[in-house]
Amino acid sequence: MSIKFGIATAARSDKSRTTITNSMRVKAGGRLDITVWCGTLYHQDGVFHPCKANLSDESCRPVIPSGILFLVTRLRFFHLLNSFIGVGIGLYCLFFAQDAANFLGIVFSTPSGLTDFRATYGGVTLACGMFFGLALFRVVDDKAGLWFSVLFYAGLGFTRLAGITLDGPQNPIMFRFLQLEVVFLLVSIYFLKKCLKYPSELPC
């Protein structure tokens, strides 16, 4: 028995396996279009699933357009950069809290203030960096990581801008932080829009 998909023909060898004889687009998992090159798909519950063979087997690799592949590479780097910044700042604020506070112009009246600084600037930022690391290694999907990135930088930027507006003269470093937060917010929105626009091509 053979099934025609456009110009390609798939030969059904049994009830659970379909061998692809040419490049073709199929439904993977019932929702995503994936281009497969001469690979094998497994047919379960009425839908096709990508071949699970060794990824070193060229016959079983998805064919990703070069432009999409470049976009995915940049997205992975963005997750890496977010993770590196979050973990780095978090560890620095945890172990060198007083130095970090002095840099920001923060003065503590009690040891409790320093402890809270370690917990918020250190612990929360460290946790955010670790979450971006989970997105980097695909423990959580890219879309979740990007939504978090958008909300994270939007929240930081909005509250910092509100503080600058309400509180008067500022340490110049506040303006540098605001600029960086706006840049990272725009980059996050860019990648999120791409992820939503190309759900079939991007592994989101």
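Biologist: How many salt bridges does a search of the whole structure find?
Modeller: Keep in mind that this is a predicted model. Side chains of opposite charge can pair when their charged atoms come close. To count here, the nitrogen of a Lys or Arg side chain has to sit within 4 Å of a carboxyl oxygen of Asp or Glu. Searching the whole structure that way, the number of salt bridges comes out as three.

Biologist: Okay, how far apart are the closest N and O atoms of Arg76 and Asp142?
Modeller: Arg76 belongs to helix H1 (residues 66-95) and Asp142 to helix H4 (residues 142-167), so this pair ties together parts 66 residues apart in sequence. The two form a salt bridge, and their closest N and O atoms are separated by 2.6 Å.

Biologist: Is Asp142 buried or exposed?
Modeller: Buried means a relative accessible area under 20%. Asp142 has a value of 0%, so it counts as buried.

Biologist: Which residues are linked with Asp142 in a network of salt bridges?
Modeller: Asp142 has a salt bridge with Arg76. Asp142 also forms one with Arg138, where the closest N and O atoms are 3.9 Å apart. Arg138 is partly exposed, at 37% relative accessible area. Put together, the residues networked with Asp142 are Arg76 and Arg138.

Biologist: Let's switch to helix packing. Are H2 and H3 roughly parallel or roughly perpendicular?
Modeller: Two packed helices are described by the angle between their axes and the distance between the axes. For H2 (residues 97-104) and H3 (residues 111-136), the axes are 10 Å apart and the angle is about 85°. Angles of 65 to 115 degrees count as roughly perpendicular. The pair is therefore roughly perpendicular.

Biologist: And how many residues of the contact of H2 with H3 are nonpolar?
Modeller: On the H2 side, the contact uses Ala97, Gln98, Ala100, Ala101 and Leu104, while H3 brings Leu114, Phe117, Arg118 and Tyr121. One of the contact residues is polar and one is charged, and the number of nonpolar ones is seven.

Note on methods
Residues numbered from 1 in each chain as written. Predicted model: local features only at pLDDT ≥ 70, side-chain atom pairs only at ≥ 80, totals over all residues. Heavy atoms only, no water. Axes fitted to C-alpha atoms, helices over the stretch in contact; angles between N-to-C directions. Helix = DSSP H or I, 4+ residues; strand = E, 2+ residues; numbered from the N terminus. Parallel < 35°, antiparallel > 145°, perpendicular 65-115°, else oblique. Contact = heavy atoms within 4.5 Å. Nonpolar A, V, L, I, M, F, W, Y, C, P; charged D, E, K, R; others polar. Buried < 20%, exposed > 50% of the residue type's maximum accessible area, 1.4 Å probe, protein only.
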